[in-house]
Amino acid sequence: MNLEEILLMTGKFSKNIILSMAQGFANTYLLYTACELDLFDIIGEAKEKISVQEIAEKAEVDPDIIARLMQPLVIYGFLQEKNGMYSLTEAGILLSDKGEDSLKGFVLYCGGICARSWGVMPEAARQRKIPYSLAVGEGLFKSNENDNKHYYAFDAMMNYTSRNLLLDDSVKRYTGENIRKIADIGGGSGAVLIQFLKLYPQAVGSILDLDFVEKRAKANIKENDMSERAEFVRGDFFKPYDITADIFILSRILHDWTDENVIKILKNIRKNMHGRETILVIEQLLPEVPERESLNVYMNDLQMWAVCGGKERTLSEYKALFCEAKLELRNTYKLKSGEYILEVRLPSITSDYGEI
């Protein structure tokens, strides 16, 4: 009998897990508060180590509160302290705007958007409403459009997850080498399109998204030296648009929406397909039979409902949606980062000369 089995028998394991889960919000809000008050940026911008009083003045916060926030941040290893003076550790730098591959926006998204949504889940479930909309009074994507600070947090989260999407040459086995045009539908500021353009150096690409995204997308394209190969196209994927491509990308788009809206998105792409074009749907997949190893996907499924009313789906559920949109799933393959790519095309027509 191992330790875990003994703990389960005595009840200690269950109690520890419950207590840890119940108090997990405290860590979320510790980091969120520190990032929202720009504490890591204030400390990082100091030429030398900085005192609590100086931090409090710059943050415009009571020094006593700053002092109390500092202690757990030091213990967790985000800050280091000597003689009452503070500086950033490598972990703390990651939570500042200046940090390479900064996680500040991701933390602001989790604490300011996600946690707010999860906090009203019981009431939202009873009222059959989307938690975020109940908490804020408008939908997530409307908030993105209306509030630059809100969009900064959302875009930072999307960019972080997109940069960690591990594409490799195996993608070419399904799409072919001779790809000349790529369209990222709902592509935001372009992190995924830029990865595809690096994978296909002979191709050019387009980001289709709403106009308020344009400025950030163009800046990201320029930062990545893709100005000659990538463009931004204003468009709404719920409305008809005219765009040509060999590959249409839908990266973590469909899980944001209800089945009805997913079908609308797919049908609008289908109108731009005339032959052998491919849609690459990039999503996590729920297993057909629940399994412990997929706990993170089940938690993300709740997250999708909480923030935008969407859901994660099984492969069979996606197949049904593709069929409803008069499309056909051709291949499914898993990336090293854990997401799946679903290769979707127009239904095949077979003649005496083979597949058309």
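Q: Which helix does methionine 299 lie in?
A: Methionine 299 lies in helix α17, which spans residues 295–308. Helices here are DSSP runs (H or I, at least four residues), and strands are runs of E (at least two), numbered from the N terminus. This is a predicted model, where local features need pLDDT of at least 70, side-chain atom pairs count only at pLDDT 80 or more, and totals for chains, interfaces and linings use all residues. Residues are numbered from 1 along each chain as its sequence is written, and side-chain values use heavy atoms, without hydrogens or water.

Q: Why does methionine 299 count as partly exposed?
A: Its relative accessibility is 40%. Buried means under 20% relative accessible area and exposed means over 50% (1.4 Å probe, protein chains only), with partly exposed in between. So methionine 299 counts as partly exposed. Across the protein, buried residues make up 45% of the 356 residues.

Q: What makes up the nonpolar surface patch?
A: Trp118, Leu295, Met299 and Leu302 make it, over about 350 Å². Patch residues need over 30% relative accessible area and no salt bridge, with nonpolar side chains joined within 5 Å and like charges within 9 Å.

Q: What lines the largest pocket, and how much space lies in it?
A: About 1200 Å³ of space lies there. Of its 37 lining residues, the closest to the centre are Cys110, Trp118, Met299, Asn300 and Gln303. A pocket is an open set of points on a 1 Å grid where a 1.4 Å probe fits, with protein on both sides within 12 Å along at least five of seven lines; lining residues have an atom within 4 Å of a point. α17 gives the most to this lining too, with seven residues. By class, the lining divides into 21 nonpolar, ten polar and six charged residues.

Q: Which residues sit closest to the centre of the second largest pocket?
A: This pocket holds about 720 Å³ of space. Of the 42 residues that line it, the closest to its centre are Phe141, Asp209, Phe237, Asp256 and Trp257. Elements giving two or more lining residues include α11, β5 (204–209) and α17. The largest share, six residues, comes from α12.

Note on methods
Areas by Shrake-Rupley, 256 points an atom, 1.4 Å probe, with all protein chains shown as cover. Salt bridge = Lys/Arg side-chain N within 4 Å of Asp/Glu carboxyl O. Points joined across faces, edges and corners; volume = space filled by probe spheres on them. Nonpolar A, V, L, I, M, F, W, Y, C, P; charged D, E, K, R; others polar.
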